[in-house]
Each structure stands twice: as C-alpha cells, then as structure tokens.
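My plan is to go through the structure piece by piece and jot down what I look up.

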Amino acid sequence: MIRDLEVRRHLTVTRLSVLAPGLAARHDVREFTRRWARHGLGVWAIEADGVLVGWVGFGRRPGWSPLTDVEIGWLLGRPAWGRGYATEAATGALEHAFAHGIEHVIAVTSPANARSLALMERLGFERGEQRGDTVCATLSAARFRAPAARTPAVPAP
Ligand SMILES: CC(C)(COP(=O)(O)OP(=O)(O)OC[C@H]1O[C@@H](n2cnc3c(N)ncnc32)[C@H](O)[C@@H]1OP(=O)(O)O)[C@@H](O)C(=O)NCCC(=O)NCCS
C-alpha cells in the first residue's frame, strides 16, 4: 500500500518501507506489538471480505496538546478508499480507547490531506493549531459520545 504514491502523498515515509516493504512490514508489526504491550493501545488491521485493506490505531505524539499525547492514525490501500471503511474502523478504535479511560485523542495531518481532514470532521475532531505543514485536531470522549458532533459520511435516506 505504501508503495502507492497517492497513498503516501501526505506521509513521512522511510526509504525502507518503499525499497524493502517486507522488512519494513516486519519492523512495523514488532512496533505495533510493542505498543499494545506497553500502552494497552495499538494498531488494528482493517479487513474487508477477509482481505487486508489497511490499518487504524494509536501511537504517541507528545508536544501538540496539553491534554494528551495519544494520537490516532489511519491508512487504507487506494482501492479501499471511498467506502466508509476508515470511518467505521476509526469509530471502533475510538470507542475502544474512550472505554479504556482515555479522555482525549489527537489526530495530526497535513492541511493538504483533504481525505484525512474529512475523516476527522466526520468523527467529530475539532481542528486546532497548525504549525507549518502540520495541523492538529482534538476529540474528547464527551464530544465523541454526543451524536450531534459527528456527521455521517452518507446522509440517511
Ligand atoms: C485518510 C484515508 C484513510 C481516508 O479514507 P476515505 O476512504 O476517504 O475514508 P472512509 O473510508 O471513511 O470513506 C469515506 C467515503 O466513503 C463513502 N462511503 C461509501 N459507503 C459508505 C458507508 N457505508 N459508510 C460511510 N461512508 C461511506 C463516503 O461517502 C465517503 O465518500 P467521499 O470520499 O466521496 O466523501 C485514506 O484517504 C488514506 O488511507 N490516505 C492515505 C494515508 C493517509 O494519508 N493517512 C493519514 C495520515 S495523517
């Protein structure tokens, strides 16, 4: 997925993940496993019809919010865009985090990453500080639980 230029357009990607994706994937799996063990939060695979289409989950990004350093991230392979998979997966991930005592989550992206920003908005994130080419948005557990804060991707018929 990461070899697709469109997928990595707004990401900081290591040369390893482009040149040796198998090696990079093994490194990522070790890192994701470590996060679960250390923080009780980590990354989930997103599957559709039994096929891996992306991932969603949590890492730590200090220095952006006085409220939290818990950051949510997401990535889908391009054929999986536009089907609501990221909204569904991120909603599940946030439900998990907020049910386990996390009070705030941040999401960080480039202001040019329209799809990621739209996803944040659907989930109820509030856009905050921008530093250079990076913008940070925040979501509280209380706001997430208030249905009015979230906008459905597909309007009800
Ligand atoms: C960011 C990213 C995960 C967003 O993916 P996405 O497909 O736009 O988001 P969703 O999966 O929630 O899909 C929403 C779209 O599916 C549509 N959709 C179709 N069926 C749907 C359903 N049942 N439920 C919800 N939405 C549905 C929505 O209308 C919306 O369409 P639109 O894009 O035309 O507005 C994806 O673009 C990506 O992986 N980008 C590359 C990696 C990246 O930049 N990650 C972020 C780093 S900060």
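Predicted model: local features only at pLDDT ≥ 70, side-chain atom pairs only at ≥ 80, totals over all residues.

I looked up the residue G101, which sits just after α3 and takes a positive phi of about 90 degrees. I checked the end of α2 as well: G40 follows that helix, and its phi is positive, near 70 degrees.

I looked up the confidence and found a mean pLDDT of 91 for the protein, with 96% of its residues at 70 or more. Where is confidence lowest, and where is it highest? The lowest is helix α1 (residues 15-19), at a mean of 74, and the highest is β4, at 98.

**The parts list.** I counted up the secondary structure and got five helices and six strands. Reading from the N terminus, I wrote the order down as α-α-β-β-β-α-β-α-β-β-α.

**Overall size.** I took the box along the principal axes, and the C-alpha atoms of the protein fill roughly 45 × 40 × 35 Å. Next I looked up the radius of gyration, which is 15 Å; that agrees with a compact globule, because 157 residues packed that way would give a value near 15 Å. Buried residues make up 22% of the 157 residues. I also looked at contacts between residues at least 6 apart in sequence, and 53% of them join residues at least 24 apart.

**Helix α2.** I compared its length with the rule for helices. The 19 residues of α2 (residues 21-39) should span 27 Å at 1.5 Å a residue, and the end C-alpha atoms are 26 Å apart, which agrees. Is α2 buried or in the open? I found that zero of its 19 residues are buried, so α2 lies largely in the open.

**Helix α3.** The length check works here too: α3 has 15 residues and reaches 21 Å from its first C-alpha to its last, close to the 21 Å expected. For its buried residues I noted A86, T87, A89, A90, A93, L94 and A97. A reminder for myself: residues three or four places apart point the same way, because an α-helix has 3.6 residues a turn. I then looked up what covers the buried residues of α3, and the cover includes β1 (43-48), β2, β3, β4, α4 and α5 (141-145).

**The largest core.** I found 26 residues in the largest nonpolar core, and A90 and L94 have the most contacts inside it. The elements giving two or more residues to this core are β2 (51-60), β3 (70-76), α3 (85-99), β4 (104-109), α4 (114-123) and β6 (134-140). The largest share, six residues, comes from α3.

**H104.** My last stop was H104, which I found in strand β4. H104 has 19 C-beta neighbours inside 10 Å, so this residue counts as partly exposed. Which residues does H104 touch, not counting those up to four places away in sequence? I listed S65, L67, T68, T138, L139 and S140. I also checked H104 against F144: they are 40 residues apart along the chain, and their C-alpha atoms are separated by 9.6 Å.

How values were computed:
Residues numbered from 1 in each chain as written. Core = buried A, V, L, I, M, F, W, Y, C linked by C-beta atoms within 7 Å. Buried ≥ 20, exposed ≤ 12 C-beta atoms within 10 Å, placed from the backbone. Helix = DSSP H or I, 4+ residues; strand = E, 2+ residues; numbered from the N terminus. Rg over C-alpha atoms; globule rule 2.2 N^0.38 Å. Contact = placed C-beta atoms within 7 Å. Expected span 1.5 Å × (residues − 1). pLDDT = per-residue confidence, 0-100.
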